[in-house]
Amino acid sequence: MKLIKQVISDLFKEAGWVVLYGFITAMVIMAFILIGLSYQGIAAQSNAVSRFESNKITIIQSKNAQYRAAPMKEATPASDTDTETLDSYFTDVFSDTGNAGTYLIMSGRCGYQQVIILLGAYADLTPFQTDQKDNVIFAVSNDIKDSSEKTIIFNDQEFPLYVAPADMELYHPFNFLSAGSQLLQGTLFVFSHDYETIKEIFPKSAYSEMAEQNLLSRFILQAPSTQDIVRMKTVISKNTGMYVSSQTIEEYLSSTTAGSTRTYQTYLVFYISAAIILFGAMLINIYCVLKRKIPDYSVHHLFGASQAFIYLRMFLFTLGYHAIPFLGTILIMSLNELSSPLSIALLFAGIIGFALLITSAVYKNFQSKFAQGLRRE
């Protein structure tokens with residue numbers, strides 16, 4: 001009881017600094033948490049971009065275009081008899097020998113929150129990896145692995161049902177679905193390099209999302225040649241009348257400025273550096289506060305206070321100094337829906353470790369100063 005009273009008395013003597021330090025430290029701790037969350041998202045996007053770069057992905061955009069006809073002589077319309085259809089083109093490029101990819105999102109299908117079909121090259125551009133060589137592979141999102149079956153049935157055929165990794169994400173330069181966004185929960189993923197098999201499982205008559213033009217919204221080509229680009233533009237423009245443009249992933253990254261992944265990574269380096277400096281300032285501040293109280297601790301030690309008593313007094317004082325930061329951080333985490341028993345336990349463990357580190361450093365200094373004082377006496 002005497003120990004607690006002395007600690008409380010020590011804290012009241014430093015009341016102004018305790019309150020100021022508490023609010024500043026709470027902000028610093030929250031900055032660490034938010035930086036950590038931001039870093040997870042940026043790191044995941046950076047990994048996805050690296051996969052696109054290593055696979056030499058070219059992004060294809062198809063846009064409706066209205067052409068204003070210029071005065072010209074009448075000409076005989078070109079025959080479309082030799083024009084390749086979208087269906088035959090897709091059959092060829094969404095295959096083991098093809099180099100195109102796309103994905104479709106079908107909401108509220110097959111008893112899942114959504115079904116995502118990854119065709120062709122896109123089947124190899126996610127964290128999900130399998131050695132299976134089946135024409136089609138099914139996997140559920142990690143959040144429903146405990147409630148899902150081991151197999152799934154389509155068209156009276158049974159398929160193995162795998163589990164996607166916890167870090168499963170889906171990247172497209174214009175639409176990134178990260179693992180932490182919760183937008184991929186309750187999802188059935190379908191991976192395939194066989195367009196014909198996918199059409200049998202998800203016929204257009206039953207799944208309107210399988211319309212051929214929907215496959216163009218996230219269309220990509222892997223390491224395309226000039227002939228691949230020309231063929232793709234010819235087929236799409238002649239079958240849909242849309243304007244088609246292509247851009248490599250490197251060209252896309254170099255053309256984006258403040259919103260690019262690399263710029264965000266630079267921001268993160270700055271934020272992390274600033275947070276480390278603030279954390280260092282916190283260490284120095286509490287160290288100086290405790291060191292300033294060494295004469296008081298020495299007097300109590302001279303009048304019979306044991307070394308264990310002095311150490312506990314220092315430790316509890318340091319913990320009390322961090323009561324406001326601890327409570328403030330929990331409040332901020334609750335407001336941002338980040339609080340959980342695990343996160344609170346980790347936060348408390350961090351403060352305990354921080355207090356032990358500072359207390360041990362100051363206590364060694366106290367022992368040294370006290371021994372020097374006795375020798376002078």
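## Contacts along the chain

Among the contacts in the protein with a separation of 6 or more, 76% join residues 24 or more positions apart, where contact means heavy atoms within 4.5 Å. This is a predicted model, in which local features need pLDDT of at least 70 and side-chain atom pairs count only at pLDDT 80 or more, while totals for chains, interfaces and linings use all residues. Residues are numbered from 1 along each chain as its sequence is written, and side-chain values use heavy atoms, with hydrogens and water left out.

## Surface and burial

The protein has 377 residues, of which 40% count as buried; buried means under 20% relative accessible area, exposed means over 50%, and partly exposed lies in between, with a 1.4 Å probe and protein chains only. Its accessible surface comes to about 21,000 Å², and 58% of that belongs to carbon and sulfur atoms, the areas being computed by the Shrake-Rupley method with a 1.4 Å probe.

## Nonpolar cores

In soluble globular proteins, nonpolar side chains tend to be buried together. A nonpolar core is here a set of buried Ala, Val, Leu, Ile, Met, Phe, Trp, Tyr and Cys residues joined through side-chain atoms within 4.5 Å. The largest one holds 39 residues, and Phe90, Ile117, Phe138, Leu188, Phe202 and Phe219 touch the most other members. Leaving aside neighbours within four places in sequence, Phe138 is in contact with residues including Ile152, Phe154, Leu188 and Ile201. A second, separate core of 26 residues includes Ile59, Tyr122, Met168 and Phe189.

## The sheet and a helix packed on it

The protein contains eleven helices and nine strands, which are DSSP runs numbered from the N terminus (helices H or I, at least four residues; strands E, at least two). An open sheet of nine strands runs in the order E5-E6-E4-E7-E3-E2-E8-E1-E9 with mixed pairing, two strands being paired if DSSP finds at least two bridges between them. Strand E5 (151–154) and strand E9 (242–248) each have a single partner strand and stand at the edges, so one side of each is left without a neighbour in the sheet. From one strand to the next, the twist averages 25°.

Strand E1 (residues 57–64) pairs with strand E8 (residues 220–222) in the antiparallel sense over three bridges, and Ile59 stands opposite Ile220 in E8. Helix H5 (residues 226–240) packs on the sheet, where it touches E1, E8 and E9, and its direction makes about 155° with that of E9; axes are lines fitted to C-alpha atoms, for helices over the stretch in contact, and angles run from 0 to 180 degrees between N-to-C directions.
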